[in-house]
2 protein chains.
Amino acid sequence: MTRREVTCTAPVNIAVVKYWGKRDSKLILPTNSSLSATLSQDQLHSKTTICTDPSFAKDRLWLNGIEEDISSNSRLVNCFAETRRLRQEVENKLKEEGKAVEALSNQRVHVCSENNFPTAAGLASSASGYACLVYTLAQLFELPLSTTELSKIARLGSGSACRSLFGGFVAWEMGTASDGSDSGAVQVAPQSHWPEIEALICVVSDAKKGVSSTSGMQTTVETSPLLQERLRVVPGRMKAMSEAILKRDFSAFAELTMKDSNQFHAVCLDTYPPIFYLNDVSRAIIRIISEYNSGPEGIKAAYTFDAGPNAVIYAPRQNIPEIIQLIAHYFPSSDASEYFKDPYHVLEEPLGQKKPVVENVVPIFPVGSVKQILHTPVGDGPRILSAEESLLESSGMPKRIKSLL
Amino acid sequence: MTRREVTCTAPVNIAVVKYWGKRDSKLILPTNSSLSATLSQDQLHSKTTICTDPSFAKDRLWLNGIEEDISSNSRLVNCFAETRRLRQEVENKLKEEGKAVEALSNQRVHVCSENNFPTAAGLASSASGYACLVYTLAQLFELPLSTTELSKIARLGSGSACRSLFGGFVAWEMGTASDGSDSGAVQVAPQSHWPEIEALICVVSDAKKGVSSTSGMQTTVETSPLLQERLRVVPGRMKAMSEAILKRDFSAFAELTMKDSNQFHAVCLDTYPPIFYLNDVSRAIIRIISEYNSGPEGIKAAYTFDAGPNAVIYAPRQNIPEIIQLIAHYFPSSDASEYFKDPYHVLEEPLGQKKPVVENVVPIFPVGSVKQILHTPVGDGPRILSAEESLLESSGMPKRIKSLL
């Protein structure tokens, strides 16, 4: 019996048909299907190393260098329990066949996970984090599962995590079974199908943290009359969105994306007491993109907002430099190199030196209203890394531990 | 034949079940019924003098000292045409009966109208303005109409104007007839029924003017899927709101008022492109009132927002001083005497000298974020004033004309 260790990364996904509302909060079964694009792990990812060793006394988990208590987090407990149960099945089967098998299901694990994007960026890390945890456990335990089956386990950690198991464009089909057996992710189209689509994440400052999505969506289900109509609307949108993606019809994709973001925030506002995630900067970005789209060339960009004020703008690659200049015009920065790092070298002119394509849509905002713009194409699904990429030392302890002093 | 002249005032009303959407934009027939409280004319009113004289060459109208072209405004044209048609019927009947009658229906009129609240306050003046115009014309022409019948003419000018024909609590029943004959206002309860209810209007600064309600509601009807659910929800709310008023149940009244304001703004957000009227100050007021209402005493105030960022807060009289102090705490002013004039002398302590009842709900906003607070009880319907109150000189020209230089 030897030590086993696997290190993987998993991507962030940003929904274009939003998930908001659970019909079963323990199994994390949604009230509607949703659809997202997976963003490139070259820019944004969670990275997880999991190590199992007969000498480990208990399960331990470090998240961004801080040890977390697994047992008090039922979602973590569920992900571990389900993958271990399946590992036990593998072991039983191998034993029955008279084959050699390591009893990994009974060993304790050390888990070390990090996000390469700052928490301050306000990006939800639970989707990439749980996707990475479950994907890495599946590698470690050599589980014979399809990606869709694996996505159903990730779903137990965080609903939207199931969509981070695939690259490209991904649907989470809500399913109807009460045990959640048909509620998982499927790939609508791989990254290679429509590589022109890229995303800009505009990180927006906000004075006040909004309510968590877990408690927010629960309150919406309990109090919003309009959610009932949304649940009737979404199936048609899922179909239309899949078709738009398969036909590479950006105009249809963008209009549906913007309408669905608007509707998600509308049901938040119809919640009692109302939930607000959009602030004045978010509203201004919506106005700027709407104005940008009203020109003779038609729809050139799509905004979408999750449970926070940050905008994600999807657009074909050719429009990306123009949109970066547009955002930088209305939301200036004091340090251009921190504001936009240009990982793909798309800017031909320095930020703010160019007349914006649409002028006087909103007033110029104070410096720092948008803190940063991140640029990322649509990307692939989870990746298995080499042993050198491990986050754990040979002792089984994290290489980096954040001092709490 | 002599000159005739009448001067009247009409009140502002603020809906607690909102009107948003027309099924007939020429006759101004709504997609749902609505309900409002009428605010006291002692604080807020439109005042109109109408004079008819055989010597007048044409219809003329001055609004806040500036002459307007009546013929280019179909809503004004419709109000004049309908009241003159009814005057003609009166004249025909009197003639048939062999009685003396002045042929007023063929005479030209001079109309002079003023609002006693500044346009900068962002309060819709069309409701009180059209209510006053139609009420004054009805007095001038001695039309034998019930207030509900009169409200249907005011509706042709501006939908919500029909509700300003009554004092107290007023429903606009949407009706079903295609000619609008059953779409008018009825009084749910007079001012005297529930005199404890008062309103605070928080005038909020906004950098950008939102879309007009006329074009906004049209776009909502055309593009918002969620509006369909709202139209199913409103009848139940109308019934529940009337009952809450008749039972003087402030908690039920307030909860419905807040939910309906939220839902109106939710369907605006579900419109494509989305319509925003609430800004960060409006959101903060909602948070403050929600927090204020979450204490052991239960619901003590209700916010509501029309097509703009201004908050109207309805509350029982006993809570009013506390709420003024609360708003003044989070939204300080540089000039307390301009900020809140205290017409009813309710403040026992100077503004901002008292610890607010709920603390640290939102950050303290920059000075001027709320420009002014107006305090007004629920009030009566249109009033006929004495001849000394006329806005016209004996020449038939306005006493005050705004110089356009």
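**Helix packing and cavities**

In this predicted model, H7(B) passes H8(B) in a right-handed crossing (the near helix is turned clockwise from the far one by less than a right angle). Helices are DSSP runs of H or I with at least four residues, numbered from the N terminus. H8(B) spans residues 320–330. The two helices pack at an angle of about 135°, and their axes lie 11 Å apart. Axes are lines fitted to C-alpha atoms over the stretch in contact, with angles from 0 to 180 degrees between N-to-C directions. Contact means heavy atoms within 4.5 Å. H7(B) contributes B:Ile285, B:Ile288, B:Ile289 and B:Tyr292. From H8(B) come B:Glu322, B:Ile323, B:Leu326, B:Ile327 and B:Tyr330.

Three cavities of 30 Å³ or more are present. A cavity is a set of points on a 1 Å grid where a 1.4 Å probe fits but cannot get out; lining residues have an atom within 4 Å of a point. Volume is the space filled by probe spheres set on the points. The largest cavity has about 180 Å³. Among its 18 lining residues, A:Leu269, A:Phe276, B:Leu269, B:Phe276 and B:Leu278 are closest to the centre. Helices H6 (250–269) and H7 (280–293) of chains A and B each supply at least two lining residues.

The second largest cavity holds about 50 Å³.

Residues are numbered from 1 along each chain, and chains are lettered from A in the order written. Local features need pLDDT of at least 70, and side-chain atom pairs 80 or more, whereas lining totals use all residues.

Definitions and conventions:
Heavy atoms only, no water. 1 Å grid on protein atoms, 1.4 Å probe; cavity = no way out; pocket = protein on both sides within 12 Å on 5 of 7 lines; lining within 4 Å.
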